[in-house]
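Visitor: I have a structure open and would like to go through it. Can you show it here and take my questions?

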Amino acid sequence: MGNYLKKLPSFVDEIRSIRETIISNIVLIGQIPAPTFREQDRAKIFLERLADFQVDECTTDAYQNPIGIIRGTNSSRPPIFVVAHLDTFFGKDVDHNYIITEKSIIGAGILENSVSVGVLASLPEIFRKLNLSFESDIVLAGVVQSIGKGNLCGIRHLLKSWPSSIRGGICIEGCELGRLNYYSDGMIRCNLDCNISSNTRWEHHFRPNAILVINEVVNQILKMRLPQKPRSRVIFGKISGGIKHGLIAHDGKLGFEIQSTSDAMVKAMMNEISDIISDVSHEYGVNLKLKAISNLSASRLKYNHPLVKNTVAVMETLGINPVSEHSVSELSIFLSRNIPAVTLAITKGKNYHLENSRMLIEPMFKGIAQVIGVLMAIDSGVCDE
Amino acid sequence: MCLWLLIVVFVMNSNWLKNKTFHFSEFRDLNNLVKEKEKKNLTISLCLPTLNEEKTIAKEIIIMKSELMMRYPLLDEIVVIDSGSKDKTVDIASSYGADVYNADDILPELEKHKGKGENLWKALYVTKGDILVYIDADIKNIHHRFVYALLGPLILNDEIKYSKAFYDRPIASKRNIMRATGGGRVTELVIRPLFSLFFPELTQIIQPLSGEYAGYRELLDKIPFPIGYGVETSMILDIYEKWGLDVIAQVDLEKRVHRNQDTKALGRMSFVILKTFFYRLEKLGLFESKQEMFNEMIQYNLVKNNYETAIYSFEGFERPPMIEIQQYREKFNLC
């Protein structure tokens, strides 16, 4: 373990010395809008950049995930994957032109997840700068269709269709530096639509209000008794409805996630919520439609897994304090296929999901060194045990 | 006879448009450009004139430095000439490694003037390149093609000494709203009608007012520079008059996103351009004014039901060809 750990602190300065190249990649790729299901333009630029950096093989898989493969020195070793999702929350009509100041980069999607994609495209040049080669092939994948309704389809397809075994994986996200994910909860992501029929007579004095109906559903869900073990929860994340202040709302939408460390509990909670919704629908005489748009199985590495232990060592060597919590990301797909993997974040920032999202430049160099440290750990065999 | 002449002119014009109009993708092979640059022993300077450009200057410097200095050694220096920015433009540009100058500190013994043309002229003194590339510092979607595509014709074609950008130029008018305009508004309403009246050949230049152009020092130091907005117009007219249209090329850079200007600001820009243009017409004997033109652009603003006058003064000062400046001749051993 010690050999590569010793080198890491010096990597930070070396990586900083090519900051212009890294920032250029972040900007040139990140300024291309990539809403989920419409990532093709960004994928094309990502591939162009990889090809421009003389990556050995640049291609797309059948699902249009752009991939670059840096050939390793030992063809008998399975490949190591480094992945970042290409898609962002922002539509093509949002201004994606970034502003760079002395210390930060500001713009839509910079933390979720343009900085990671830019860093991914910069890794070949960073390896050259650090004079690094690996035994395994390094697969750099910008995966499509991750967020929301994308349901992690890109990474699911990529791993499912990969023809050989995979040695290990690193998922990279924008922030917050120190993030170390090595387990994911079971999850079902749902949309609830409430539509009041337009056939309801206008003189009806007790016409149902979609917002109040959804409110009733929320109240009923909040009354559910959730166990502390397995740890379980319902997160209400999105709500919308109605047209204007003085008009009874004809429609409403609620977005929520059921999360638990137990897949059986997720299923049980889903059944209970379905019953609640049927009951409210019947009571109010309205059409309530529940749709599961995404789901994940609970999966985890143990804290004493060599990959986790070595990742913690890498972070601590670089002065990064590891903070662990569950993750709903590409990590889940790696772990569900029994491929050891972790999720790491590149830098610090704020306004994570807003159009004026801001990433700090300086912490990024440590964040990249950390990714390289974990890559070296996997290449040295920590996932092979 | 007249018809025959018209046909000849038309054929000549068509040839220029066909032969001297390029697309940036023709110059994507940066290794080839670097190879030719080195073969010809050329040095190249990028100049960015600035005034309060803190939101865009870093991006321009970083991308050019990464792509055209560190990865492909096409540029030998990046120079920022600032007109006295009140924001962080100077600090940011310095922090990313550009050579930053305050325009007033260059050739300080000369009378001081403020303006883009002044900065471009003074760049000739502080830079060392055989070729200078001038790029506006307010481009939101900057890409290194803005520079390499202008250099392509100059490096690969011995006849071409000056290249000019044109683009499909969306304007960021309001949040989320982009609209394609073809040429800029001042180009279509002022310059193109004037060119059509006096220099029809020059109408083939799609965007004569574009702020991105590159040229050999041996040309640029032999022409005068108006200190303000008129510099693009005068540059084209002077190069055309001295060396002809065939030393000029134009390159399609596709999309450019820039800051929008209101109609009144464009009116002031047009005023300066018109003055520069008529001054040159007089010099060439193509136009005679019965009276001296005024130096003030008068505009009106409605303030609380009263019309208030806003007067913009423009002296029309021009710097002489840099080659006539003694300090320049000494610095470049031209004495």
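Guide: Domain 1 and domain 2 of chain A bury about 830 Å² between them, with 51% of it on carbon and sulfur atoms. Buried area is the accessible area (1.4 Å probe) that two parts lose on being put together, summed over both. The model is predicted: local features need pLDDT of at least 70, side-chain atom pairs count only at pLDDT 80 or more, and totals for chains, interfaces and linings use all residues. Residues are numbered from 1 along each chain as its sequence is written, chains are lettered from A and ligands numbered from 1 in the order in which they are written, and side-chain values use heavy atoms, leaving out hydrogens and water.

Visitor: Where are the bounds of the two domains of chain A?

Guide: Domain 1 covers 2-184 + 298-379, and domain 2 covers 190-296. These bounds come from an automatic or database domain assignment. The domain centres, taken over C-alpha atoms, are 36 Å apart.

Visitor: How many residues are in contact between domain 1 and domain 2 of chain A, and how many salt bridges are there?

Guide: In contact (heavy atoms within 4.5 Å) are 12 residues of domain 1 of chain A and 12 residues of domain 2 of chain A. The count of salt bridges between these domains is zero. A salt bridge here is a side-chain nitrogen of Lys or Arg within 4 Å of a carboxyl oxygen of Asp or Glu.

Visitor: New topic. What is the area buried between chain B and chain A?

Guide: About 2000 Å², and carbon and sulfur atoms give 50% of that. B:Lys59, B:Arg71 and B:Tyr96 supply 27% of the area that chain B buries against chain A, more than any other three residues. In contact are 25 residues of chain B and 24 residues of chain A.

Visitor: How many salt bridges cross the interface of chain B and chain A?

Guide: Three. One of them joins A:Glu20 and B:Lys65, with the closest N and O atoms 3.2 Å apart.

Visitor: Which residues make the nonpolar surface patch on chain B?

Guide: B:Ile298, B:Tyr300, B:Leu302, B:Tyr307 and B:Ile311 make a patch of about 590 Å². Such patches are made of residues with over 30% relative accessible area and no salt bridge; like charges are joined within 9 Å, nonpolar side chains (Val, Leu, Ile, Met, Phe, Trp, Tyr) within 5 Å. Strand β13 of chain B gives the most, three residues.

Visitor: Is B:Leu302 buried or exposed?

Guide: B:Leu302 is exposed, at a relative accessible area of 56%. Exposed means over 50%, buried under 20%, and partly exposed in between (1.4 Å probe, protein chains only).

Visitor: Which loop holds B:Lys304?

Guide: B:Lys304 is in the loop between β13 and β14 of chain B. Its phi is positive, about 50 degrees, although B:Lys304 is not a glycine. B:Lys304 is exposed, with a relative accessible area of 77%.

Visitor: And what about phi of B:Leu107?

Guide: Phi of B:Leu107 is near 45 degrees, also a positive value in a residue other than glycine. B:Leu107 is buried, with a relative accessible area of 3%. Most residues other than glycine have a negative phi, and most peptide bonds are trans.

Visitor: Which residues does a cis peptide bond join in chain A?

Guide: One such bond joins A:Cys175 and A:Glu176, with omega about 15 degrees. Another joins A:Lys229 and A:Pro230, with omega about -5 degrees.

Note on methods
Accessible areas come from the Shrake-Rupley method with a 1.4 Å probe; for residues, only the protein chains shown count as cover. Helices (H or I, at least four residues) and strands (E, at least two) are DSSP runs, numbered from the N terminus.
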